[in-house]
Amino acid sequence: MPQEEPLHSTIRRRNSWLATFKTLYFRELRVYLCTPFGWVILACTMALLGFCLQAVLQIMSKATGEGVMYYMLNNINFWFYFIFIFPLITMRSLAEEERQGTLEGLLTAPVTTTQVILGKYFASYTFYLILWTPLLLYPWMSHLANVYTNCRYGIIAEGEITYLMADWIGPYCILALMGTLFVAVGLLCSAMTRSQIIAGILCTSFMISFYFLGRVTELWGEFPAAPIFHYMSCTEQVSSFSRGLLDSRPAVLYLSLAVLTLALVKRVVDHRRWTR
Amino acid sequence: MSMVTSEHLYKAFGRFMAVRDVCFSVERGEIVGFLGPNGAGKTTTMKMLTGYLPPTAGTASIAGHDIMEEPLEARRHMGYMPENVPLYDEMRVYEYLSYRARIKGLYGSFVRKQVGFVIDRCGLEPKRKDMIRTLSKGYRQRVGLADALLGEPELLILDEPTNGLDPNQIRQIRELIRSLAAEHTVILSTHILSEVEMICNKVIIIDNGAIKAADTPEKLTGGLRAAGRVSVEYKGDLDPVMKELSLIPSVKKIIYEGLLPGGWQRLIVRAEPGTDTREKIAAVINRLGYPVRHLYRHIPSLEDVFVEMTRHD
């Protein structure tokens, strides 16, 4: 509910939660998009996706039946760089503010800690989603490749690169869902320290442990507590989502953990002020 | 109603008491100088007033709003410039100020108007489109000041506004602060004493976390030991002069400073604060028939007050 308050004759202010949030959000997004920082991450991700595609085409020449995106995401190459995306995009957000002292200016302005944190969170998350937009080109590129092959060599069934509509929806859903939690965790790591490096290391180790927790059943086989590990196994979720099997359980897992983590971030930011 | 009231503020960092029992009030339109040696608790006190650091005990209010109970309302009434002026380096001056104005609740055309106004006010027009990263220290300081002015706050809290500037820049910033006094209440901290003497109409001296004195600069310097001190140089014998001078009622102590080249004797006469003994001293020495070449009554400065209040030896 915007509320206007005449202060002096010349200016007016309003107390709108959403307007302040939007200001904070767009500034954070600007950091990604108007500095080399974001573009370097975007370029590296693109390059790595390219390597991945190369490997996928090798696989697809032998085995078919699933879409390009399935092989793209169910590939050790993918996890190898996916894990490092989150520390990279979140490590600087709160740690850098803390180190430069700009957090002081921010928290002494008439804004709440929640607004600041949500602004940062959603900006990082938006940038994370932007990172995956180039992936939209792949099904389209497969289509072009098929058309080209057909024109050049005539219709050969084995030469077709299969792509499915589920190629878009499934993988994007699971990438978006995983992002909600992992960005929040990155922000938490960033809130805990004033050093970007330490924040990055913390977040990377969380990512790696989370990844390996999902593969516990592969190492130990089935045992009574195994369903828990199946439940939180990101590799299994990615595999089923990229086949087009949408499941609500990962949504519950990631969204609830993301909310919990954000609540923790708020506690950490406030706590640092209480004790210093 | 006072602009700022601080009631028994305490701040502990672990076992270390950084601020203890700080009580003061600032009336509308005052320019208050926070004085103190490094590490005395000036910055901590200011951070508590802005609500960035919560006090361990005690409370403060700004324009009637308690800093802990209604932090947002209290912050709307003040502009704060932190020490060393942290700014976002990757933004341009104009962008940064617009962003800060929006955060402070300005909207629409008010943002443009206010930003234009503070840029004008702080002399930032030539640097308006520059990256903050490329600005010199003096201009960074001005951007910080412009930021504090956004939204026309009634109270400005400036933490060492002239820290690290060259003498010309210090003069410019000082002029700027003085010109702000008409519309704003200002609290500034510094350890440059002449600065306080020039612009402040109230001084709070803080040392070891506690307030040592809070008054106008005139009253502070008036009550000093140094206030009644007179130095004399004459040519002649020492003993009769010492004897005669000690008979003057308000004289408390006479210190012999030594023989200067050419046979001139130098004495320091300490008298009661607020008395002027020059006339009587001159009469005494004249009566003895000695020539006098120097007779000076020490005018106490804030520096004397500062040293007297905060020295630990």
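User: Before we start, what should I know about the model and the numbering?
Analyst: The model is predicted, and local features need pLDDT of at least 70, side-chain atom pairs count only at pLDDT 80 or more, while totals for chains, interfaces and linings use all residues. Residues are numbered from 1 along each chain as its sequence is written, and chains are lettered from A and ligands numbered from 1 in the order in which they are written.

User: OK, chain A: at what angle do α2 and α4 pack?
Analyst: Helix α2 (residues 36–62) and helix α4 (residues 76–90) of chain A pack at an angle of about 170°, with their axes 10 Å apart, where axes are lines fitted to C-alpha atoms, for helices over the stretch in contact, and angles run from 0 to 180 degrees between N-to-C directions. α2(A) and α4(A) are therefore roughly antiparallel to each other, a label for angles over 145 degrees, with under 35 counting as roughly parallel, 65 to 115 as roughly perpendicular and the rest as oblique. Helices (H or I, at least four residues) and strands (E, at least two) are DSSP runs, numbered from the N terminus.

User: And which residues meet there?
Analyst: From α2(A), Ile41(A), Thr45(A), Leu48(A), Phe51(A), Cys52(A) and Ala55(A) meet a set in α4(A) that includes Phe78(A), Tyr81(A) and Ile85(A), a contact being two C-beta atoms, placed from the backbone, within 7 Å.

User: Is Leu124(B) buried or exposed?
Analyst: Leu124(B) counts as buried because it has 21 C-beta neighbours inside 10 Å; the cut-off is 20 or more other C-beta atoms within 10 Å, with 12 or fewer for exposed and partly exposed in between, C-beta atoms being placed from the backbone. Leu124(B) lies in the loop between α4 (109–121) and α5 (137–149) of chain B, and its contacts include Val93(B), Ile119(B) and Ala146(B), not counting residues up to four places away in sequence.

User: Last one, how many residues does each chain give to the contact?
Analyst: Chain B gives 28 residues and chain A gives 27 residues.
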